[in-house]
Amino acid sequence: MKPLDPRLLRYARAARRYIVLTAATGVATTALVVGQAVLLAAILAPTITDGRPLADSAGLVVALAVVVVVRALVVWVQERYAHRAASRVIADLRGQVVDAAVARGPRWLADGRGASTVTLVTRGLDDLEPYFVRYVPQLLLAALLTPATLLVVFGFEWVSGVIIAVTIPLVPMFMILVGRLTQGVSERRLVTMQRLSAQVLDLVAGIPTLRAFGRERGPGARVRELGEAHRRATMGTLRVAFLSGMVLELLTTLSVAVVAVGIGLRMVYGHMDLFTGLAVLIMAPEVYLPLRQVGLHFHASTDGIAAANQAFEVLDGAPAVSPLATGARADDERAATTQVSVRFEGVSVRAPGRDVWAPAGLSGVVRAGAVTALAGPNGAGKTTAVLAMLGLLSPDTGRVLVSFTDRADDGAPLPEQDLADLPADLWHRHVAWVPQRAHLSPGTILDAVLDREGSAGDAEGVPSPAVLRAAALTGLDDVVAGLADGWATRIGQGGHGLSLGQRQRIALTRALVVDRPLVVLDEPTAHLDALSADQVLAAIATLRERGCAVVVVAHREALLAAADQVLEVRSAPADDAEGLPGPATPRTAEVGA
């Protein structure tokens, strides 16, 4: 990351106002520093050389006191708004990173990226606060105060100005040399922290399984190793920061000492008066101070800079997020449409890490009031085709077209639209998705079925007749009957406390309750026994009777037999995707055999 990365100003609007304010306070600080040095010299010089009492300089003393107070107020204002700006920028970046991660889709979040993104938007971006509160103000002061004060020194005495001008470049040179090392250490520390977070989360999620096999104490050694690695990385960053700070302090101290010795020698030989010598000597440390502080606070903010670099990598490569439709528009569209149809038109997606298309040239229609099964071998791209249909993944070639049936126009279908041009929020209001491993937010079972964040009162803890009917269809009523707290049974993050089959029943019940025109089921019977699978088939039949377009990713023959049509999903080498379409196959006797 550059000292002041333009991407930060592009992605975080709150940073722009803060930079303007910091520049203004920097100009004020520069004037106050020069004024303070001149006033001090004007007060002390006649007192030392002529023995004039301080009472005769009362006006200058009052002016000096005013300058000191104003300088303190400027620093207070700058720091006050620095903390506010840091909080706003961090919150803004968090939201944008989350949106960008969602726009990239589930495939991008796989392979550990999900856990690292969680670490980035929580712990990682918090480290940006030292960057805003300390580093950026000192950087602007170095750009404003250092050259302005150096010009004033030249105006008083050119020899000292030359000494300062010659020694100043040494400070950024050492900052660059040591800063590169520190930045690498900070980036490694962030990666270590993300790996630690991901592995600890995996261990916590697997504790019930580990306890079932009596292995819950085994991973403790691994957690200790990861913690020790994180400690070593953190201490390595601090060690380099302290050593580099010492180097900068030693360099600037020696530079000021050279200026002081030169002033002393010229005053001894009568080549300089005391007023000029004091003014230059007081200003000399102020010339170096911003550069010293930049180096010091750069090392204190390298963790935040490393996190910001990762955030910008996520944001720079993310597709544009579709604009969200307003609530009124979405509600109007949903009320005016009762059925949805989807058409795959030569959809091909390049499989990550493999030189194949999966799916390859998929074509076919998902009709309202019918059940469409996506069939094919493992790795053919069935789940990828579902993600493309949900708008969570953009096809590399081909299109996904959707059409709505307008209730207000006697059921006449509206023209097809490319899914890529449809607002994401509007489309998702028409879709219910039941993945293989359904995600359930913490709350009660009823909260999970109704897709809400916790019950607001006892009245909301009673299931409606529609919920009870849906639960009877999916077999969730039997699950609830076996729980001590019934519908009020609390579940943890991701459905913790329930089996995979029970979570699948909740997700399927939710799909029935929300009543969306397009329902997508990814292997809905994967974690269920034969009796439960029959209940799923009954639920699918109910959805078909409602006029829903039902899409099922299926391997089991019972699911294929229940489908009205089957879309064969195939993969193909990356250089041979054009000739492999996946046409819709009508349901025949052989399909259910």
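**Exercise 1.** Over the ring of which residue does the charged end of Arg350 sit?

*Solution.* Start with the ground rules: this is a predicted model, where local features need pLDDT of at least 70, side-chain atom pairs count only at pLDDT 80 or more, and totals for chains, interfaces and linings use all residues. Residues are numbered from 1 along each chain as its sequence is written, and side-chain values use heavy atoms, leaving out hydrogens and water.

Next, the test: NZ of Lys or CZ of Arg must be within 6 Å of the ring centre and within 35 degrees of the ring normal. The ring is that of Trp357, with the charged end of Arg350 5.8 Å from its centre. Arg84 does likewise over the face of Tyr81, 5.4 Å from the ring centre.

**Exercise 2.** Find the aromatic pairs and classify them.

*Solution.* Searching the whole structure turns up 2 pairs. Rings of Phe, Tyr and Trp (its six-membered ring) pair if their centres lie within 6.5 Å; planes under 30 degrees apart are stacked, over 60 edge-to-face, the rest tilted.

Take Phe156 and Phe275: 6.1 Å between centres and 55 degrees between planes, hence a tilted pair. Now Phe404 and Trp427: their centres are 6.3 Å apart and their planes at 70 degrees, so call this pair edge-to-face.

**Exercise 3.** Are Phe404 and Trp427 buried or exposed?

*Solution.* Apply the cut-offs: buried is under 20% relative accessible area, exposed over 50%, partly exposed in between (1.4 Å probe, protein chains only). Both Phe404 and Trp427 come out buried. Phe156, at 28% relative accessibility, is partly exposed, and Phe275, at 27%, is partly exposed too.
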